[in-house]
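Hi everyone, thanks for coming. Today I'd like to walk you through a structure that may be new to you, so please have a look at it before I start.

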Amino acid sequence: MTEPDVTHDPEVPVTKVPAQAHAGIVRTILGRDDEDDDRPLPDLPPLPADPRWRIEHLPLITAIGFALVLFGFSAGLLIGGMPAALGVSGGILIVTIGVSLTTLAIAWADVIRPELVLPVGMSVYFVKYAAIVFLMFAVVGSDWSGARPMLWGLAIGAVLLTGVQAWWLTRLANRRAATVPPTGQDPE
């Protein structure tokens, strides 16, 4: 096997082909990759007409959460003093922030690509609950007198804000059922 002859003939002009600059990984993920792309687009489902319904309940649930924080602070102050007030209100505040961030993350995933809802939702829930468990262990392990009220605040906030969210979703389902005509009926 012989090597190919790669010598250059000085009579023939050399044309240089410009090297095509490729986008990096981050630019490709963000959709700012090569402009002249001939790859076919994937078949994605169409976006809903109004994606705001995913976070329509967020102002109400956040307002109720902050009202519960104030109520918990007042109740804790009357029952057990300043440490109990800080504990109860801190526990409810953690739940309120967690519910708000979870709602935003799941709504974002649903708008970007509906297939991301489950992995993003599970990841957010895992991180949120892991942080709450580590916080609970740290608070219980300390000698702070507001530790037990904080645990009560976490529990009360979780139950009440979950109830508010369930009430809102039931209200939304009833509103949608009233505006959408029933299917499967025979038009006579």
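**A walk through the helices**

Let's begin with the chain as a whole: of its 188 residues, 24% count as buried, where buried means under 20% relative accessible area, exposed means over 50%, and partly exposed is in between, with a 1.4 Å probe and protein chains only. Please keep in mind that this is a predicted model, in which local features need pLDDT of at least 70, side-chain atom pairs count only at pLDDT 80 or more, and totals for chains, interfaces and linings use all residues. Residues are numbered from 1 along each chain as its sequence is written, and side-chain values use heavy atoms, with hydrogens and water left out.

What does the secondary structure come to? The protein chain has 5 helices and 0 strands, and along the sequence the pattern reads α-α-α-α-α. Helices here are DSSP runs of H or I with at least four residues, strands are E runs of at least two, and the numbering starts from the N terminus. Now for contacts, meaning heavy atoms within 4.5 Å. Among those between residues at least 6 apart in sequence, 65% join residues at least 24 apart.

Let's turn to α2, which covers residues 58-80. The expected span of a helix is 1.5 Å times one less than its number of residues. Which residues of α2 are buried? They are L58, I61, T62, G65, L68, V69, G72 and G76. These buried residues pack against two other helices, α3 (82-112) and α5 (147-179).

Look at the end of α2 next. G80 has its place in this helix, and at 43% relative accessibility G80 counts as partly exposed. From G80 to G146 is 66 residues in sequence, while their C-alpha atoms are 8.7 Å apart in space. After α2 comes G81, which has a positive phi, near 90 degrees.

How do α2 and α3 lie relative to each other? Their axes come within 6 Å and cross at roughly 170 degrees. An axis here is a line fitted to C-alpha atoms, for helices over the stretch in contact, and angles run from 0 to 180 degrees between N-to-C directions. Angles under 35 degrees count as roughly parallel, over 145 as roughly antiparallel, 65 to 115 as roughly perpendicular and the rest as oblique. So α2 and α3 are roughly antiparallel to each other. Sorted by class, the residues of this contact of α2 with α3 are 17 nonpolar, 9 polar and no charged. For those classes, Ala, Val, Leu, Ile, Met, Phe, Trp, Tyr, Cys and Pro count as nonpolar, Asp, Glu, Lys and Arg as charged, and the others, Gly among them, as polar.

I97 sits in helix α3 and is partly exposed, at 43% relative accessibility.

On to the pairing of α2 with α5. Their axes come within 10 Å and cross at roughly 155 degrees, which means that α2 is roughly antiparallel to α5. On the α2 side we find L60, I61, I64, G65 and L68, meeting L160, L161, V164, Q165, W167 and W168 in α5. This contact of α2 with α5 has 9 nonpolar, 2 polar and no charged residues.

Last comes α4, residues 117-141. Its 25 residues should span 36 Å, and the end C-alpha atoms are 36 Å apart, which agrees. The buried residues of α4 are V120, G121, K128, I132 and V139, and what covers them includes α3 and α5.

The axes of α3 and α4 come within 8 Å and cross at roughly 165 degrees, so α3 is roughly antiparallel to α4. Among the residues making this contact are I94, G98 and D110 of α3 and V117, G121 and K128 of α4. By class, the contact of α3 with α4 has 12 nonpolar, 3 polar and 2 charged residues.

Let me finish on D110, in helix α3. Is D110 buried or exposed? D110 is buried, with a relative accessible area of 17%. Leaving aside residues up to four places away in sequence, D110 touches R54 and V117.
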